[in-house]
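User: Hi, I'm new to reading protein models. Could you walk me through this one and explain the words you use?
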Amino acid sequence: MDGEQEQQTHNPGQDDENEIVAEGASVVHGEPPSDDNGPPKVDSEVEVLQEKVTKQIMKEGHGQIPSKYSTCFLHYRAWTESTRHKFEDTWNELRPLELVLGKEKKEMTGLSIGVASMKSGERALLHVGWELAYGKEGNFSFPNVPPMSDVLYEVELIGFDETKEGKARSDMTVEERIGAADRRKMDGNVLFKEEKLEEAMQQYEMAIAYMGDDFMFQLFGKYRDMALAVKNPCHLNMSACLIKLKRYEEAIAQCSMVLAEDESNAKALFRRGKARAELGQTDAAREDLLKARKYAPEDKAIGRELKLLAEHDKAVYQKQKEIYKGIFGPRPEPKPKHGVIVTQLILIWQWLISFFYRLFKREEKHHGD
């Protein structure tokens, strides 16, 4: 398998046209959305898109908005407004939704109206009335939505493809899908070199979306090799960006996807080990890095990371040694205080006076006899 063989022999610290290296890039701070307390609270202006759809921008996007029949790639979370029950989350599944504007399912009408107003990279909170969501009857299978439920969507538009005919991935040939993914990957590499990490990740994520599980399960032989030669570098590039963004758990997940297909991939082992080390998972990090060194013994970056781990372990050992020495070592003699010294001197002086007095009396008696 030419594609996989190239990945196995490539060094983790080396750059090429397929995979980027993030270790030397400047850090861009970004955080994934959080729903610990239900739908996000947004203070921005409410924009009325349609009678039953409003939007509040959470993060500005860039470029143009998609036109009708564009194939849009997006992540979203959805809650019923009345109960704040979350019933869908594509971020958790690491699988963005593909939505062709103008060809959406009926229950996605309100969501599509919102997405049609968004730019690539934009994140927004949408309020959709039940009439443009799951309707009067609701939905009692998956997802479970009660009747007449207004819906709140937290949406991020990753990007979109302008296609006049609205051609979905499922209608493309294998070669078309792999070619589209490869173009996205190359666009991502350009953005990465410009240090636009979050925009680069959008391109990599769109590339990966062309090669979802349903597509990969159907591929065998050279077509599977062709797809993996594009898909795996995208996961690795995502992990490199995420490490620079200090989103280590997500970086680990991206590397693990590569290792599920190619357990000897040195770059995936190296980056997962590095991310685990940052999280303090030193044993797991060492295991990954030692495996990476086995497959890429000449790579200096792996050696540096292993050296840092060894120094960290030594520092921890010395600290523990000091703690244990204080707990179990010999008890130090307490230093006498000034008052104690004076008291001891007085006692000695009194004893000397008593001694010489007795000696004098004894001599006096001896002379008297």
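Analyst: Let's start with a term: a nonpolar core is a set of buried Ala, Val, Leu, Ile, Met, Phe, Trp, Tyr and Cys residues joined through side-chain atoms within 4.5 Å. Keep in mind that this is a predicted model. The largest nonpolar core here has 34 residues, and Tyr204, Tyr210, Met211 and Met216 touch the most other members. Helices H4 (174-193), H5 (197-209), H6 (213-216), H7 (221-244) and H8 (248-261) each give two or more residues to this core.

User: What is Met211 in contact with, leaving aside its neighbours within four places in sequence?

Analyst: Its partners are Arg177, Ala181, Met216, Ala227, Val230 and Lys231.

User: Why is Tyr69 called partly exposed?

Analyst: Its relative accessible area is 30%. Buried means under 20% and exposed means over 50%, so Tyr69 falls in between and counts as partly exposed. You'll find Tyr69 in the loop between strand S2 (53-59) and strand S3 (71-80).

User: How do you know that the peptide bond from Phe142 to Pro143 is cis?

Analyst: Look at omega: the value is near -5 degrees, and the bond is cis. Most peptide bonds are trans. Pro143 is in the loop between strand S6 (123-128) and strand S7 (151-161).

Note on methods:
Residues numbered from 1 in each chain as written. Predicted model: local features only at pLDDT ≥ 70, side-chain atom pairs only at ≥ 80, totals over all residues. Heavy atoms only, no water. Buried < 20%, exposed > 50% of the residue type's maximum accessible area, 1.4 Å probe, protein only. Helix = DSSP H or I, 4+ residues; strand = E, 2+ residues; numbered from the N terminus. Contact = heavy atoms within 4.5 Å.
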